[in-house]
Amino acid sequence: MAPKRRKNKKSFWNQIRFKYKLSFFNENTLEEVWSFRLSQLSAFIILGIFAFLLVLFTAIIIIITPIRNYLPGYLDVEVCKAIVDNALRADSLEQVIAIQALYFDNISAILSGTMEVDSIPGIDSLAYANANYDIPRSQQELDFVRSFEEEEKFNLSTINPNQPSAEAIFLIKPATGIIPSPYEPETGHYGIDLVTAPKETVLSVLDGTVIYTGYDINFGNVIHIQHRNGFLSIYKHNEMLLKRAGDPVRAGEAIAIVGNTGDLTTGPHLHFELWYRGTSLNPEDYIVF
């Protein structure tokens, strides 16, 4: 069964590849004038190429000639677009004509002496909408504002303008560890000590720019980062600094390696400080360690 099917396939392939000879003879002399050989496969290929070129040629003619305007639906889109453009131009022209008319009326009044001093109306008054957004408050809204202000007048967080809202920002943890020495500004400890594993990576808590890198005899390798929203973060006792002054940093980007540098240290840890417009903050109020 299989040899017969293979034989049929072979005969079909030979059939479409079999070449036929087409000859042209002189009727009087019966002399062959011109002839060529052509198989069914070649005829199909030639017809396919001809059809493709015909479609391509037709598409090019439709695209680059005005014949496309006679296609159903094409002219409607072009007309709608032209109508919209003309309406916009007409509106702009009407606005310019109104402004120029007002300008000429002012000039005419000034030259004729019928206009009082400092009473010229604005020429550009037609160029923008003078909307009144002064919406009067209801009595219920006034009572609510009054009661809210009465409740919040002794709230120190609202009185102190240097105290930022913890809900308005999101700070990344500079390193992973425990806090043996918390924030105690009364004793001069304006940050927290974060004990971590040796060679732990120190991360920037916010996007910002490095404004200082250097070595301090007490705090070792120190790096300061200024952030756009008024925050300043300080990282001390680093083993190695990975950034230089002027480098931009992203939140969560590595900036240093935890170390044990400086005289005021008893082991590998990170001393981290957070400042806001000259006021020190407790980092634990803004970061979950």
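The model is predicted, so local features need pLDDT of at least 70 and side-chain atom pairs count only at pLDDT 80 or more, while totals for chains, interfaces and linings use all residues. Residues are numbered from 1 along each chain as its sequence is written, and side-chain values use heavy atoms, with hydrogens and water left out.

Overall make-up first. The chain has five helices and 12 strands; these are DSSP runs, H or I of at least four residues for helices and E of at least two for strands, numbered from the N terminus. Of the 289 residues, 22% are buried. Buried means under 20% relative accessible area, exposed means over 50%, and partly exposed is in between, with a 1.4 Å probe and protein chains only. Among contacts (heavy atoms within 4.5 Å) with a separation of 6 or more, 52% join residues 24 or more positions apart.

Next, strand pairing, which requires that DSSP find at least two bridges between two strands. Strand β6, residues 208-216, pairs with β7, residues 220-227, in the antiparallel sense over eight bridges. The two form a hairpin with three residues between them, and Asp 216 has Gly 220 in β7 as its bridge partner. β6 also pairs with β9, residues 248-249, again antiparallel, over two bridges. There, Thr 209 stands opposite Pro 248.

Now two backbone angles. Lys 199 is not a glycine, yet its phi is positive, near 65 degrees. Lys 199 sits in the loop between β4 (191-195) and β5 (201-203) and is exposed at 56% relative accessibility. His 237 also has a positive phi, about 65 degrees, and is not a glycine either. His 237 lies within strand β8, residues 231-241. Is His 237 buried or exposed? At 2% relative accessibility, His 237 counts as buried.

On to salt bridges. Side chains of opposite charge can pair when their charged atoms come close. The rule used here is a side-chain nitrogen of Lys or Arg within 4 Å of a carboxyl oxygen of Asp or Glu, and the count comes to four.

One of them joins Arg 146 and Asp 143 at 3.0 Å, N to O. Both belong to helix α4, residues 139-152, and because they are three residues apart, about one helical turn separates them. Asp 143 is partly exposed at 36%.

Another joins Asp 207 and Arg 250, with the closest N and O atoms 3.8 Å apart. Asp 207 is in the loop between β5 and β6 and Arg 250 in the loop between β9 and β10 (254-258), so this pair ties together parts 43 residues apart in sequence. Asp 207 is partly exposed at 38%, and Arg 250 is exposed at 57%.

A further salt bridge is Lys 236 with Glu 273, closest N and O atoms 3.1 Å apart. Lys 236 is in β8 and Glu 273 in β11, residues 269-276, so the pair ties together parts that are 37 residues apart in sequence. Lys 236 is buried at 10%, and Glu 273 is buried at 6%.

The nonpolar core. By definition, this is a set of buried Ala, Val, Leu, Ile, Met, Phe, Trp, Tyr and Cys residues joined through side-chain atoms within 4.5 Å. The largest one has 25 residues, and those with the most contacts inside it are Leu 171, Tyr 235, Ile 255, Leu 270 and Phe 272. At least two residues each come from β4, β7, β8, β10 and β11, and β11 has the largest share, with four. Setting aside neighbours within four places in sequence, Ile 255 contacts residues including Val 202, Ile 223, Tyr 235 and Val 249.

Last, the aromatic pairs. Rings of Phe, Tyr and Trp (its six-membered ring) pair if their centres lie within 6.5 Å; planes under 30 degrees apart are stacked, over 60 edge-to-face, and the rest tilted. The whole structure has five such pairs. Phe 231 and Tyr 276 make a tilted one, 4.9 Å centre to centre with 50 degrees between the planes. That pair links β8 to β11 across 45 residues, and both residues are buried. Phe 231 also pairs edge-to-face with Tyr 286, at 6.3 Å and 75 degrees. Tyr 286 is in the segment after β12 (279-281), 55 residues from Phe 231, and is buried too. Together, Phe 231, Tyr 276 and Tyr 286 form one aromatic cluster.
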